[in-house]
Amino acid sequence: SFRAMEHVGSVTAFGPRGAGGTAEHLAFDHVAGELRAMGYDVAVQDVVVPGGSSHNVIAEKPGSTADIVLFGAHLDSKPPSPGGNDNASGVAVVLELARLLADAETAPTVRFVVFGAEEISGPSSDDHHFGSRQYVAALSEAERARVHAMVSIDMVGYGDTFNVRSMGSGPQAAVASLQAWGVHTGQPLPYLRDPGRYGWSDHEGFERVGIPAAWVEWRQDPDYHTVRDTAAHVQPERVRASGRLLRGWVLGMTPETLDALR
């Protein structure tokens with residue numbers, strides 16, 4: 001948790017990270033450097049956004065099977081917000097999971113993706129999720145089939161209720177699996193449907209193509225998208241609970257439970 005909060009601090013220190021802007025690019029360089037320091041080979045994918053370019057940063061830890069569990073979090077924030085909870089908290093959990101799982105034995109191959117340009121950054125309410133949508137669009141059919149679960153870790157640093165969310169339109173196997181693990185570990189994960197026509201987080205693009213996808217989020221946060229969403233706003237115990245649940249869930253997977261997801 002201490003390391004995760006250090007990540008929250010270092011990401012928010014770049015300031016508001018509008019999609020395709022200098023702060024977002026610098027923050028991506030920082031995240032890629034952190035993953036390389038953990039020993040990962042890092043891939044950087046270019047993402048086209050209105051009036052510019054953003055990135056996705058990707059790292060992978062091989063498992064005993066080729067089946068993938070993908071953890072994703074968006075790095076951009078909605079200016080003028082420094083984006084502590086939304087979403088340095090999720091990026092911090094992805095980085096800490098990457099560190100903790102680097103040398104662990106896992107059945108799934110675990111893929112870590114830090115997405116660019118999740119927030120609305122165009123004239124329409126559908127001008128968002130550029131990073132995750134372009135990531136999914138670039139996957140071949142065979143690569144899509146390998147992804148047995150995708151979890152979007154978005155706003156996991158503030159609130160009283162830990163929810164698992166989806167649009168309810170795609171396979172719900174990842175949602176059910178996370179809920180079962182939550183029951184097993186005493187961390188309830190009540191389901192809350194994502195009501196957005198276009199989805200409210202990066203699970204959307206995955207769910208739309210039939211990949212079991214879920215979004216984990218602590219609620220409610222009255223300060224998101226405001227200048228008050230600082231590193232100090234983020235509650236360490238919420239970040240810790242999020243990371244602990246996801247780490248245990250992946251470590252507890254067998255080839256059989258992984259197969260059952262898809």
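Mentor: Start with His-129, which counts as buried because its relative accessibility is 0%. Buried means under 20% relative accessible area, exposed over 50%, and partly exposed in between, with a 1.4 Å probe and protein chains only. The model is predicted: local features need pLDDT of at least 70, side-chain atom pairs count only at pLDDT 80 or more, and totals for chains, interfaces and linings use all residues. Residues are numbered from 1 along each chain as its sequence is written, and side-chain values use heavy atoms, with hydrogens and water left out.

His-129 sits in the loop between β4 and α4 (130-138). Those labels are DSSP runs numbered from the N terminus: helices are H or I with at least four residues, strands E with at least two. Look at the backbone of His-129: phi is positive, about 55 degrees, although the residue is not a glycine. Most residues other than glycine have a negative phi, and most peptide bonds are trans.

Met-155 is another non-glycine residue with a positive phi, near 65 degrees. Its loop runs between β5 (147-153) and β6 (161-166). Met-155 has 7% relative accessibility, so it is buried. Now the peptide bonds. Pro-79 to Pro-80 is cis, with omega near 10 degrees. Pro-80 belongs to the loop between β3 (68-74) and α3. Arg-219 and Gln-220 are also joined by a cis bond, with omega about -10 degrees. Gln-220 lies in the loop between β8 and α8.

Go back to β4, residues 109-115. This strand pairs with β2 in the antiparallel sense over five bridges. Two strands pair if DSSP finds at least two bridges between them. Val-57 has Val-114 as its bridge partner in β4. β1 (residues 43-49) is antiparallel to β2 over seven bridges. Two residues separate the strands of this hairpin, and Gly-51 takes a positive phi near 75 degrees. Seven of the ten residues of β2 (residues 52-61) are buried, so the strand is largely enclosed by the rest of the structure.

β2 is also part of the cover over helix α2: β2, α3 and β4 are among what covers its buried residues. Those buried residues are Ala-23, Glu-24, Ala-27, Phe-28, Val-31, Ala-32 and Leu-35. After α2 comes Gly-39, with a positive phi near 100 degrees.

In α3, take Ala-92. Ala-92 is buried because its relative accessibility is 0%. Leaving out residues up to four places away in sequence, Ala-92 touches Ala-4, His-7 and Val-8; contact means heavy atoms within 4.5 Å.

A pocket is an open set of points on a 1 Å grid over the protein atoms alone, where a 1.4 Å probe fits, with protein on both sides within 12 Å along at least five of seven lines; lining residues have an atom within 4 Å of a point. Helix α8 gives the most to this lining, with five residues. Ala-4, one of the contacts of Ala-92, is in the lining too, and so are Val-93 and Arg-247.
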